[in-house]
6 protein chains.
Amino acid sequence: MTRGFYIGRFQPFHNGHRNMVEQIANDVDELVLGIGSADDSHTVRNPFTAGERIMMITKSLVDTDLVTYAVPIEDLERNSVWVSHVQSMSPDFDVAYSNNPLVIQLFREANIEIRQSPMFNREVLEGTEVRQRMIHGGDWQSLVPDAVAEVVEEIGGIERIQMVSDSDSNGE
Amino acid sequence: MTRGFYIGRFQPFHNGHRNMVEQIANDVDELVLGIGSADDSHTVRNPFTAGERIMMITKSLVDTDLVTYAVPIEDLERNSVWVSHVQSMSPDFDVAYSNNPLVIQLFREANIEIRQSPMFNREVLEGTEVRQRMIHGGDWQSLVPDAVAEVVEEIGGIERIQMVSDSDSNGE
Amino acid sequence: MTRGFYIGRFQPFHNGHRNMVEQIANDVDELVLGIGSADDSHTVRNPFTAGERIMMITKSLVDTDLVTYAVPIEDLERNSVWVSHVQSMSPDFDVAYSNNPLVIQLFREANIEIRQSPMFNREVLEGTEVRQRMIHGGDWQSLVPDAVAEVVEEIGGIERIQMVSDSDSNGE
Amino acid sequence: MTRGFYIGRFQPFHNGHRNMVEQIANDVDELVLGIGSADDSHTVRNPFTAGERIMMITKSLVDTDLVTYAVPIEDLERNSVWVSHVQSMSPDFDVAYSNNPLVIQLFREANIEIRQSPMFNREVLEGTEVRQRMIHGGDWQSLVPDAVAEVVEEIGGIERIQMVSDSDSNGE
Amino acid sequence: MTRGFYIGRFQPFHNGHRNMVEQIANDVDELVLGIGSADDSHTVRNPFTAGERIMMITKSLVDTDLVTYAVPIEDLERNSVWVSHVQSMSPDFDVAYSNNPLVIQLFREANIEIRQSPMFNREVLEGTEVRQRMIHGGDWQSLVPDAVAEVVEEIGGIERIQMVSDSDSNGE
Amino acid sequence: MTRGFYIGRFQPFHNGHRNMVEQIANDVDELVLGIGSADDSHTVRNPFTAGERIMMITKSLVDTDLVTYAVPIEDLERNSVWVSHVQSMSPDFDVAYSNNPLVIQLFREANIEIRQSPMFNREVLEGTEVRQRMIHGGDWQSLVPDAVAEVVEEIGGIERIQMVSDSDSNGE
């Protein structure tokens, strides 16, 4: 049995993420999706709460054969203990997936196998693109699984990201 | 569709917890198991990491019809924001389950429906009993699902809890 | 113009506190009441939130000639920076009032004048006594200003402290 | 009796803030002024400590008929629990005042009434303008109540903000 | 070249600690003394600041041939990341020394060599004994290196520990 | 006996820092080097851990006559308590050295003697220059003591800083 770990912020979970999961499914029997910056929400970069992102991921992957776990990972703001923190919050895993250079470096220094994919970069761009379309009224729905569009609408997510994009301070 | 929220520390997940889940399954379609004190581990009271507890819960409930989510909830050490914190980390829920008076009080002050059960008290006693048997070499296996016994053995959990029960300070 | 600083947890603000304020009023023109452990609430030792304690203090002192400020002081859990923390949160003060040996020691090491009073010890006992009477149904009302009794009743404070006294863990 | 809550950083409290308070005074009997980012100081954006800001607010409003409370609100860096945090630190309030889109969104999601005013935007601009004039030697005094100018001078505030504007790192 | 790591709270550094260092000196070329609970001070259990403990250690070991480093280690309150935290704060080391069961367990789970010694237990007892004698006016000086006695006297350490032993709360 | 305190981030310790230490050596008998942002690492601005920086400093100053202490100072993110925090972590000192305006301001407000030097500014520039050369493959070795170049190579520091310079988010 092989278990993988795939870290992302999933703000929101979009088609690029889903494609990555499908590709990783060829390698592993089970997959942990680590939801990074779990304690952040209501900002342009992190509009959705960890709980909302668990819903998006779970509903989008309901028909996948892969056994998946969606696990919130709060920020500790200390790169030097980040890998240990992830390991304590996640079911044990054999291999990590990321294209983020910092994440790759931290896993390598901890001697954990890390795999990259050309698809990851595209995925990063898509995250920003989805949020920009949400803010400016573009067609974001076509970039995400149907289940994600439903969650976003149910929670009033478009109003929320549009509001916070007008703001960058708490008070004053 | 009704979703419930059941908070516990699950140190470890034992038969009392499993019975509670079966009982709650009569009320709801989906159930979030909130893993309290998720950031604590390697103590007598909280021997297992959040990731290990996710494994115990998921493997123990694999044959349940209920859709379940196991979600780590880190301590913020502020009772006044605890309900908001739980709500941000968990998929949205309609009703909470607990017999813990503090938890009941906090949910009530937030106007969230909370249900109690006579079974809960027994469950609390069982958690302490399981850990005491682990420390002193008693029969803890009969108090937990088989899947939990396997996880505990795989991670060397008995040695760990016995070691930390000899210790109550870091250094000196 | 002389300004004093009087630190307490004020759980709740009781007659002993009010008497202390009246005594201090002979020494100073203005008084800051620093509300310690401001981030703690919903426990037996700290049942009331900082906001609730501000209400109790302000309403109890409304007829005092003294200019008073009620300022919440969150715990930093670091004694070595506690005085600086207090100084940053409070209007500037000339003299501090406490009978707590740790508080006295910390102010002395920072070369800030600190005054003690025999009344303080009685005050500490009264805080515990008030909370015990609240829990066990005794006459707590006679130990606090009328305004405090009103606040406690308005917020359902008796039910709260009785509930949390039955509990000593979050979940399980 | 109606109590309002008005959140700002008040760095420093200026004429725009005072005008807002006067306008809000038409709506409410009591007003809590929540001092945001209370734990921040000695930066260009937040030059003054919470204690210094309490002084500015209290002295500026001494002749107002309105009952006011100045309450420091420390940052928790978690938008999802921010409203609960504010509620625990503040006397209970019926309506909040802000023009900040994030604050509005957070109160709305918590079902708390929030009122906006065209004056708020002007107020934000004034805060930055006052600080820029302080740094570059312009006429900041005419933008703030006399009591604020006195506090700033008493604490050596101009030297402080000029020093920190030359700096953006601690050490090195 | 072999470097060891020896963790303790060193409250204060006493003869038992010095003997341990002398024994470890037979094994290693350099030794890091990790000062645990570095952020705690002014309590009965942790009376001295990290800076004061650095002084005690450095002055006591000035005549040792061993190259030593005294490194404060702040508590993160998360056992699962403790080893990574220690590794990030300390010069790289080959072997750790402790008799504390929790510390041994944490290093073992991280696959770091850990050595124990019968002397350690005696050392723990001595720490408590030294502090009790300080509080109750006994002969603590004979249990610590001369350099430590000098530091304690210079900083008024006896008065401090006697004061805090009378106190167990901040305020009230 | 005079002891000085010299605060920096030392990312890495370079020739400008070493020259400063040599100059300060004319004033003092002992020198504490406070390693700022000790909890930060694996970023472009703070590539090295506190432990790695202790190694760099200690090895670079091994032939200095001055008694030196390298002490990690974790960020508390509160300027108002920063001086107290430094004082608790460091052996007692008589004079501080810095050219950073914020640091100067904070020490001045705490009535601690602070000395500046024209050399400091050059030093700041050099820190950025060294890191840029590391990232872009320039000659960084000539800007640092030989001992620092050895530490950087031993820990794979060039690969690390090049990796993190490609990254500015954790995950996604």
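Begin with helix α2 of chain A, residues 50–60, in this predicted model. Helix α2 lies across β2 and β3 of chain A and runs at about 150° to β2(A).

Chain A holds an open sheet of five strands, in the order β3-β2-β1-β4-β5, with parallel pairing. At its edges stand β3 (67–72) and β5 (114–115) of chain A, each of which pairs on one side only.

Now display residues 3–8 and 95–97 of chain A. These are strands β1 and β4, which pair in the parallel sense over three bridges. Within this pairing, select A:Y6: opposite A:Y6 stands A:Y97 in β4(A).

Move on to helix α1 of chain A, residues 15–24.

**Aromatic pairs**

With the sheet and these helices located, turn to the aromatic rings. Over all chains, the structure holds 36 aromatic pairs. Select A:W82 and A:F107: the ring centres are 5.6 Å apart and the planes stand at 70°, over the 60 degrees required, so the pair is edge-to-face. This pair links distant parts of the chain, since A:W82 belongs to helix α3 (residues 82–89) of chain A and A:F107 to helix α4 (residues 101–109) of chain A, 25 residues apart.

Are these two residues buried or exposed? A:W82 has a relative accessible area of 6% and is buried. A:F107 is likewise buried, at 0%. Both values fall under 20%, which means that each residue meets the cut-off for burial.

Next, go to chain D and select D:F93 and D:F107. Their rings form an edge-to-face aromatic pair, 6.2 Å centre to centre with 85° between the planes. Here too distant parts of the chain are linked: D:F93 sits in the loop between α3 (82–89) and β4 (95–97) of chain D, whereas D:F107 lies in helix α4 (residues 101–109) of chain D, 14 residues apart. D:F93 counts as buried at 10% relative accessibility, and D:F107 is buried with a relative accessible area of 0%.

For the last stop, return to chain A.

Definitions and conventions:
Residues are numbered from 1 along each chain as its sequence is written. Chains are lettered from A and ligands numbered from 1 in the order in which they are written. This is a predicted model: local features need pLDDT of at least 70, side-chain atom pairs count only at pLDDT 80 or more; totals for chains, interfaces and linings use all residues. Side-chain values use heavy atoms; hydrogens and water are left out. Two strands pair if DSSP finds at least two bridges between them. Helices (H or I, at least four residues) and strands (E, at least two) are DSSP runs, numbered from the N terminus. Contact means heavy atoms within 4.5 Å. Axes are lines fitted to C-alpha atoms, for helices over the stretch in contact, and angles run from 0 to 180 degrees between N-to-C directions. Rings of Phe, Tyr and Trp (its six-membered ring) pair if their centres lie within 6.5 Å; planes under 30 degrees apart count as stacked, over 60 as edge-to-face and the rest as tilted. Buried means under 20% relative accessible area, exposed over 50%, partly exposed in between (1.4 Å probe, protein chains only).
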